[in-house]
Amino acid sequence: MILVSLPPHLRTLARVEGDVALEVAAPVTQRAVLDALEAAYPMLRGTIRDRVTARRRAFMRFFACRRDYSNAEPDAPLPAEVASGAEPFLVVGAIAGG
Amino acid sequence: MSGVRVLVGTKKGAFILSADGARRSWKVDGPFFGGWEMYHVKGSPADPQRIYASQSTGWHGQVIQRSSDGGKTWEPVDNRFVYDGTPGPHTWYDGTPHPWEFKRVWHLEPSLDDPDTVFAGAEDAALFRSSDGGKSWGELPGLRRHPTAGGWQPGAGGLCLHTILLDPADRRRLYVAISAAGAFRSDDAGVTWKPINRGLKSSFLPEPEAEVGHCVHRIALNRARPGVLFMQKHWDVMRSDDAGEQWREVSGNLPSDFGFTIEVHPHEPETVYVFPIKSDQEHYPPEGKLRVYRSRSGGDEWEPLTKGLPQRDCFVNVLRDASSMDALDVPGLYFGTTGGQVYGSADAGETWTAIVRDLPSVYSVEAQTLA
């Protein structure tokens, strides 16, 4: 199982508490994880990726294993720790304030 | 017993204010969708238990919520707003072509007859409709394909379609207003549109009486006389007696004819309310006095309504969707401010009380009259 950590707004919208566990077939990529997330929680469509282009929304970030995968190729494999469920795939709202 | 529900959209969530027909004691529920910008929350005239809400944030974009129990519970519905075909460009602030891009829904207008039909006014300006309670949305592209659309330029708030009026006497007639393109009317249920801006004058345009380009802030009508329209323009309060074919200014003795919102009394078609703001640069009331102005003659002659409203040191704004009236025999008038107050009057504006004082900045106020 893949673990996905959502920001508070999206946990509320999806009505989940804590990390979300998802079945994702190998290879485990950013696109595959987000596709599985949106299939399980359709209300999240458009809130992380654009509904039309599927590109990451400007103020969303993707972290895993203390690294930033926000600008990584969507079809590149994620770290083995994410694929095994040992580490969560973090969906994070970018800092926006001042 | 009759009652009133006031739906309030704010910068950080939605609130529902409820009272019985006396409207003296109010219950405040919320925040719903805490932390989200709630551009508009509006109930269906056909079924007051059905409410639609537009929520968005810069992080997560647009979400549409729907309630079927008067706002007790909510469910997210579809948020896929896709322009029909390949949209061409409109004109950007600097005059260059700019691609049409969906940003948010400013206004939701439920059908007068069918709780499952609702219109959505979007930025960048377009009109969408759902006929399945928000489960899917389709654009009415005739508006965006109007020959003038390539020249539409955004106002300071964006190229937003913020006003949708449905004609109660003619189900095929709709009005919309776009900042800063102007007002448009369709007589064929949204298939084709015509600009209805004759008589408007805007000094910021090279041609002040141009067919389009006017910054219309809001239009209102009385349901019993829908061909008579009242408009709060960027500057100027306007009136049309022929469904927008021709407008004339009725600002009269107002202390300022700048403002955002405007209301028409539900039972007295010649009674109109405006909320004067000092200027386009100074978005607060003239003299620091929060005054609603009422005309009982369809414009030109206005009187201030001040009892219960702050008459010193008040520097809040009242935004374009932040006022509403209920339809009780003596109707209630409500408005919200950027300072977070929602004021209510149970006697059509004669006296006021703050229903709630410390909400986030208020974007929208919609009153529902409950049987």
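Reply: Helices (H or I, at least four residues) and strands (E, at least two) are DSSP runs here, numbered from the N terminus. This is a predicted model: local features need pLDDT of at least 70, side-chain atom pairs count only at pLDDT 80 or more, and totals for chains, interfaces and linings use all residues. Residues are numbered from 1 along each chain as its sequence is written, and chains are lettered from A and ligands numbered from 1 in the order in which they are written.

The residue to start from is B:His162. It sits in strand 14 of chain B, residues 160–166. A residue is buried if 20 or more other C-beta atoms lie within 10 Å of its own, exposed if 12 or fewer, and partly exposed in between, with C-beta atoms placed from the backbone. B:His162 has 27 other C-beta atoms within 10 Å, so it is buried.

Next, its contacts (C-beta atoms, placed from the backbone, within 7 Å). Not counting residues up to four places away in sequence, B:His162 touches B:Trp106, B:His107, B:Gly121, B:Ala177, B:Ser179, B:Arg320 and B:Asp321. B:Lys233 is 71 residues from B:His162 in sequence and 13 Å away in space, C-alpha to C-alpha.

B:Gly121 leads on to B:Val176. Leaving aside neighbours within four places in sequence, B:Val176 is in contact with B:Gly121, B:Leu127, B:Leu143, B:Leu161, B:Thr163, B:Ile164 and B:Phe184. A nonpolar core is a set of buried Ala, Val, Leu, Ile, Met, Phe, Trp, Tyr and Cys residues joined through C-beta atoms within 7 Å. The largest such core holds 128 residues. B:Val176 is among those that touch the most other members, as are B:Ala122, B:Ile219 and A:Val33.

Now back to B:Lys233. Strand 19 of chain B covers residues 225–233 and pairs with strand 18 in the antiparallel sense over six bridges. Two strands pair if DSSP finds at least two bridges between them. B:Leu221 has B:Leu229, in strand 19, as its bridge partner. The open sheet has four strands, in the order 18-19-20-21, with antiparallel pairing. Its edges are strand 18 (216–222) and strand 21 (248–249), each pairing on one side only.

The peptide bond from B:Glu123 to B:Asp124 is cis, with omega near -5°. B:Asp124 lies in the loop between strand 11 (118–123) and strand 12 (126–130) of chain B.

Definitions and conventions. Contact = placed C-beta atoms within 7 Å.
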